[in-house]
Amino acid sequence: MARYVFLGPPGAGKGTMAEMMGAAFGVRQISTGDILRAEMKAGTELGRQARQYIDNGQLVPDETVTAIVTARLADPAIAAGGFILDGFPRTVRQAELLDAALERHGLTLDRVVLFEVERELLLTRLTARRVCKACGAVFNTLFNRPRAEGVCDACGGPLIQRTDDSRSTAVERLAVYERQTAPVADYYRRRGLLTALSGAGHKDENFARLRQGLGL
Ligand SMILES: [Zn+2]
């Protein structure tokens, strides 16, 4: 019943590592993005609050995000079976609120893993997606290349890079991470909970390193 936080910049592969941990050990992956979307879809009170901010182009406040995530932690099955928080906490304030919530539930974190990848590789990963303009098929210049560059395997349509996957968007995402989330790693380092691992390799290699780092 291990309880982990996975931290790292966008493109570091923490979501993939959390999925692999789930598959190998049955630990529940708690992805903030997924939970927020689920709450909004279900129309819960917290989901409605979150949607108001998003619809107004604002960030969902730390208190609301933390309330949504920690409501999941109160679930006895999740508390008992262990979990990985992926993409949360994103700010030091969220980390403090999480600590308080865990304490209320009588829970503690076992380990916080920081996945480190150098900037150019992150930018390469974050800009690798290509989408077919005609049929929407998704390709990736690193892992799932089309047979002919720029051409959809399925329909022959042109492959484009979405604005979300552009270099300028990736640079901005990394800047937001450095500003908001990098201090969260220091927060946990000071508490002696942080394990920093390289996320630079292939996912199987990274997963082996993760298991070793966690003593699993
Ligand atoms: Zn296509």
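Student: What order do the strands of the five-stranded open sheet come in?
Tutor: The order is β2-β3-β1-β4-β8, and the pairing is parallel. Keep in mind that this is a predicted model.

Student: Which strands are at the edges?
Tutor: β2, residues 28–31, and β8, residues 194–198, are the edge strands. Each of them pairs on one side only.

Student: And how many degrees are neighbouring strands turned against each other?
Tutor: On average, 25 degrees, with direction ignored.

Student: Back to β2. How many bridges does it have with β3?
Tutor: Four bridges, in the parallel sense; β3 covers residues 83–86.

Student: Is the peptide bond joining Phe 88 and Pro 89 cis or trans?
Tutor: That bond is cis, with omega at about -5 degrees.

Student: Ok, the other sheet. What order is β5, β6 and β7 in?
Tutor: Those three strands form an open sheet in the order β6-β5-β7. Here the pairing is antiparallel. The edge strands are β6 (138–140) and β7 (159–160), each pairing on one side only.

Student: How many bridges between β5 and β6?
Tutor: Three, in the antiparallel sense, with β5 running over residues 129–132. If you want a pair to look at, find Arg 130: its bridge partner in β6 is Phe 139.

Student: Helices now. At what angle do α2 and α3 cross?
Tutor: Roughly 105 degrees, and their axes come within 7 Å. α2 is residues 32–42 and α3 is residues 45–55.

Student: Which residues make the contact?
Tutor: From α2 there are Leu 36, Glu 39, Met 40 and Ala 42, and from α3 Leu 46, Gly 47, Ala 50 and Arg 51. By class, this contact of α2 with α3 has five nonpolar, one polar and two charged residues.

Student: What about α1 and α9, how do they cross?
Tutor: The axes of α1 (residues 14–25) and α9 cross at roughly 65 degrees and come within 10 Å. That makes α1 roughly perpendicular to α9.

Student: Left-handed or right-handed?
Tutor: The crossing of α1 and α9 is right-handed. On the α1 side, Thr 16, Met 17 and Met 20 meet Lys 203, Asn 206, Phe 207 and Leu 210 of α9. The residues of that contact divide into four nonpolar, two polar and one charged.

Student: How far apart should the ends of α9 be, and how far apart are they?
Tutor: α9 has 12 residues, 203–214, so at 1.5 Å a residue it should span 16 Å. Its end C-alpha atoms are 16 Å apart, which agrees.

Student: What comes just after α9?
Tutor: Gly 215, which takes a positive phi of about 65 degrees.

Student: Last pair: what do α4 and α6 do?
Tutor: Their axes come within 10 Å and cross at roughly 35 degrees, with α4 covering residues 62–73. The crossing of α4 and α6 is right-handed.

Student: Which residues meet there?
Tutor: Asp 62, Glu 63, Val 65, Thr 66, Thr 70 and Leu 73 in α4 face Arg 93, Gln 94, Leu 97, Leu 98 and Ala 101 in α6 in this contact. By class, the contact of α4 with α6 has five nonpolar, three polar and three charged residues.

Notes:
Residues are numbered from 1 along each chain as its sequence is written. This is a predicted model: local features need pLDDT of at least 70, side-chain atom pairs count only at pLDDT 80 or more; totals for chains, interfaces and linings use all residues. Helices (H or I, at least four residues) and strands (E, at least two) are DSSP runs, numbered from the N terminus. The expected span of a helix is 1.5 Å times one less than its number of residues. Two strands pair if DSSP finds at least two bridges between them. Axes are lines fitted to C-alpha atoms, for helices over the stretch in contact, and angles run from 0 to 180 degrees between N-to-C directions. Two residues are in contact if their C-beta atoms, placed from the backbone, lie within 7 Å. Ala, Val, Leu, Ile, Met, Phe, Trp, Tyr, Cys and Pro count as nonpolar, Asp, Glu, Lys and Arg as charged, and the others, Gly among them, as polar. Angles under 35 degrees count as roughly parallel, over 145 as roughly antiparallel, 65 to 115 as roughly perpendicular and the rest as oblique. A crossing is left-handed if the near helix is turned anticlockwise from the far one by less than a right angle, and right-handed if clockwise.
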